[in-house]
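Notebook open, structure loaded. I want to go through the chain contacts, then a sheet, then a single side chain.

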Amino acid sequence: CSRCEPRLPVLLVYEVGGISGVLEALVPFLKKYFHLITMKEFLESKDRFAAQVKAVYVWWQRPIIDRELLKSLPNLKVIANSGVGMDHLDLKLISEFGVRMVNTPQAVCNSTADTGMALLLAAARRLVEGHQTAVSPDTKYFLSNWLGEEVSGATLGIIGMGRIGYKVAQRAKAFDMKILYHNRNRRRKDEELVVGAYYCEKIEDLLQQSDFVMLVVTLTPQTYKLIGKKEFELMKPTAILINISRGQVVDQDMMVEALKTGIIKGAAMDVTYPEPLPRDHPLLQLKNVIITPHLGCKTHRSYFMITEEAVQNILAVLSGLPMSSEVLPD
Amino acid sequence: MEEQDHPYTLVTAIGGADGVYEDHVEFLQKNLKLITMKEFLENKRDLHLKIKAIFVWSLKPVINRELLQSLPNLKVIANSGVGIDHLDLRLISSFGVKVANTPFAVSNPTADLGIGLMLASARRIIEGHQMAVSPDTKHFSAAWLGEDVTGATLGIIGMGTIGYKIAQRAKAFEMNILYHNRNRRNGAEEQAVGAVYCEKMEDLLRQSDFVMLAVNLTPQTCKLIGKKELELMKPTAILINICRGQVIDQDALVNALQNGIIKSAALDVTYPEPLPRDHALLQLENVIITPHIGSATSKIRRLMMKNMVESILAGVRGLPVPNEVHG
């Protein structure tokens with residue numbers, strides 16, 4: 001019946017499947033709680049659905065939330081974002097329309113912290129180069145003096161000690177790493193003790209002492225190009241920079257310079273600006289760089305957990321219940 | 001006496017592909033009188049009675065009967081690393097010569113590498129990098145996924161010093177840890193890392209998402225992981241080898257990887273090293289291979305070298321030898 005209102009609240013997603021759509025395997029779960037429509041279906045029958053869409057599930061930055069879309073969804077109550085980063089959303093605009101925003105911070109932490117450690121170890125021990133050497137048609141023998149950097153007992157400086165940063169610290173502690181951290185707010189003493197982390201009120205102190213510097217901040221106007229020329233020069237020449245936050249937290253041109261001239265030893269980044277980088281970008285040519293395709297929380301299990309958390313948050317808003325993952329404009 | 005203070009020590013070479021490191025030479029020469037193989041061969045008559053020690057670095061020089069016979073005053077052989085499967089301990093002992101290795105120095109970096117390989121294979125770091133830098137890449141797919149390490153089950157085969165350090169690290173990733181070992185560890189040790197003993201290796205293989213090999217190579221562990229063991233593993237399981245290539249039946253591994261019997265493998269060690277360039281393992285997408293870099297950090301190689309010097313100095317003086325390997 002084309003004029004019937006669906007029993008379940010209507011949830012708009014960009015698409016299902018393909019390289020940017022919601023994973024097919026997640027659809028049965030979503031359909032338990034929502035009447036699911038894709039952007040294509042919405043555009044084809046705007047009249048039917050416009051007033052019914054109560055929630056949008058933004059999956060890896062799609063659909064793009066702009067004024068036009070918001071105007072066309074008069075009864076939209078909540079936008080749920082997969083993952084934790086919200087920098088691609090105009091929070092002020094969305095809030096003007098009285099729409100609430102939620103993300104999924106719990107679901108992403110472990111996988112993203114694991115990615116941070118994976119990149120730290122891969123960069124320190126030169127795993128990408130090592131594999132290339134091991135499989136190269138030109139390799140005749142393995143050189144004995146082919147060396148990496150020791151991780152156990154080294155100093156890790158964590159910039160951004162939120163949920164993810166703290167999980168990184170928990171993992172690093174098991175490698176007997178000395179942990180320094182810099183954060184907007186200092187953590188409680190007992191939290192610091194558990195992971196053996198020392199607070200550096202000044203980011204300079206952290207940069208000067210760290211063998212590995214890991215960026216785990218949210219992208220905001222304050223953290224934009226947080227790591228630039230000055231910061232690179234403060235770092236040890238043997239230091240390795242790991243970025244699992246957002247590409248824009250680093251001044252990329254300065255990083256290229258720093259890597260080319262030995263101001264720092266190497267870098268491993270799961271995030272760049274843009275993603276992917278243009279194919280002629282200098283970062284792609286450097287031997288002392290590892291780049292991964294923003295795989296921070298891209299595991300089967302995390303995808304389920306992200307969607308579970310998003311659904312919980314959406315339902316909480318729709319039923320007027322309190323929830324913890326609301327994101328407010330600054 | 002001068003000779004005891006600066007014992008004549010045979011090394012393969014200084015510098016080059018498998019010689020002692022140039023930046024270690026200063027320390028070495030403070031303590032030892034280094035004689036390269038070339039110098040020895042050119043001057044056997046003068047040197048053969050003087051050499052009291054051999055410094056085996058990257059498996060060289062090769063210790064055989066001929067060499068042992070030509071060095072009647074040899075007291076001690078110090079070997080870099082913990083594996084001594086390339087040394088005929090019985091033969092060496094029959095000449096009254098002591099052997100020392102460097103088990104503790106290598107334990108942290110090897111454990112680190114084991115965890116690094118586990119993370120790299122689970123999260124497809126090498127493949128990911130290749131995609132991120134490939135000239136053909138136009139966008140990153142949201143559907144390209146790896147597997148979680150946090151919360152997964154790790155089965156450690158070989159719970160010696162290195163295996164235990166792996167367990168300590170894995171615990172911080174909230175992994176469920178199973179282990180199989182010749183001897184069971186004590187209750188306190190198991191509890192400290194939350195490790196559950198599997199008396200039967202089969203039980204470990206069936207339940208693990210990641211299987212990590214950290215045993216010594218002995219006649220008992222040669223081809224420990226073969227067709228049967230691979231078939232017991234989950235089809236989603238990842239095998240990591242940081243001990244010796246011969247612990248795995250390599251042909252069975254190739255077959256298992258080609259046919260989805262296990263998901264993937266990460267190998268720091270193979271047999272031989274390097275593999276022939278046409279070997280099937282080099283062609284597989286679901287394999288990471290690293291060039292035997294378990295202990296390859298500047299800090300640790302220097303520590304290994306110093307440990308070996310200590311062992312040599314003690315051995316030459318007739319004192320108890322630190323890190324002595326007993327046959």
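Predicted model: local features only at pLDDT ≥ 70, side-chain atom pairs only at ≥ 80, totals over all residues.

**Entry 1: the interface**

How many residues of chain B are in contact with chain A? I get 64 from chain B, against 63 residues of chain A. Next I looked up the area. Interface size is often quoted as the accessible area lost when the parts come together. For chain B and chain A the buried area comes to about 5,500 Å², and carbon and sulfur atoms supply 61% of that.

The rule picks up two salt bridges across the interface of chain B and chain A.

**Entry 2**

I traced an open sheet of seven strands in chain A, and the order reads β8-β7-β6-β9-β10-β11-β12. The pairing is parallel. Which strands stand at the edges? They are β8 (197–199) and β12 (289–291) of chain A; each has a single partner strand, so one side of each has no neighbour in the sheet. From one strand to the next I read an average twist of 15°.

Zooming in, I checked β6 (residues 155–159) against β7 (residues 178–182) in chain A: they pair in the parallel sense over five bridges. Within chain A, A:I159 sits opposite A:H182 of β7(A). I also found helix α8 (residues 163–173) of chain A lying across β6, β7 and β9 (212–215). The helix α8 of chain A runs at about 170° to β6(A).

**Entry 3: B:M304**

I picked B:M304, which belongs to helix α14 (residues 298–316) of chain B. Is B:M304 buried or exposed? Its relative accessible area is 2%, and the cut-off for buried is under 20%, so B:M304 is buried.

What does B:M304 touch, leaving out residues up to four places away in sequence? My list reads B:W57, B:S80, B:G81, B:T102, B:A105, B:V106 and B:S295.

**Entry 4: the annotated span**

From the unreviewed UniProt entry I noted "domain: D-isomer specific 2-hydroxyacid dehydrogenase NAD-binding" on residues 115–294 of chain B. The end C-alpha atoms of that span lie 11 Å apart, and its make-up is 32% helix and 16% strand.

Methods
Residues numbered from 1 in each chain as written. Chains lettered and ligands numbered in written order. Heavy atoms only, no water. Helix = DSSP H or I, 4+ residues; strand = E, 2+ residues; numbered from the N terminus. Buried < 20%, exposed > 50% of the residue type's maximum accessible area, 1.4 Å probe, protein only. Contact = heavy atoms within 4.5 Å. UniProt positions renumbered as here; feature names shortened; annotations may be inferred. Pairing = 2+ DSSP bridges. Axes fitted to C-alpha atoms, helices over the stretch in contact; angles between N-to-C directions. Buried area = accessible area lost by both parts, 1.4 Å probe. Salt bridge = Lys/Arg side-chain N within 4 Å of Asp/Glu carboxyl O.
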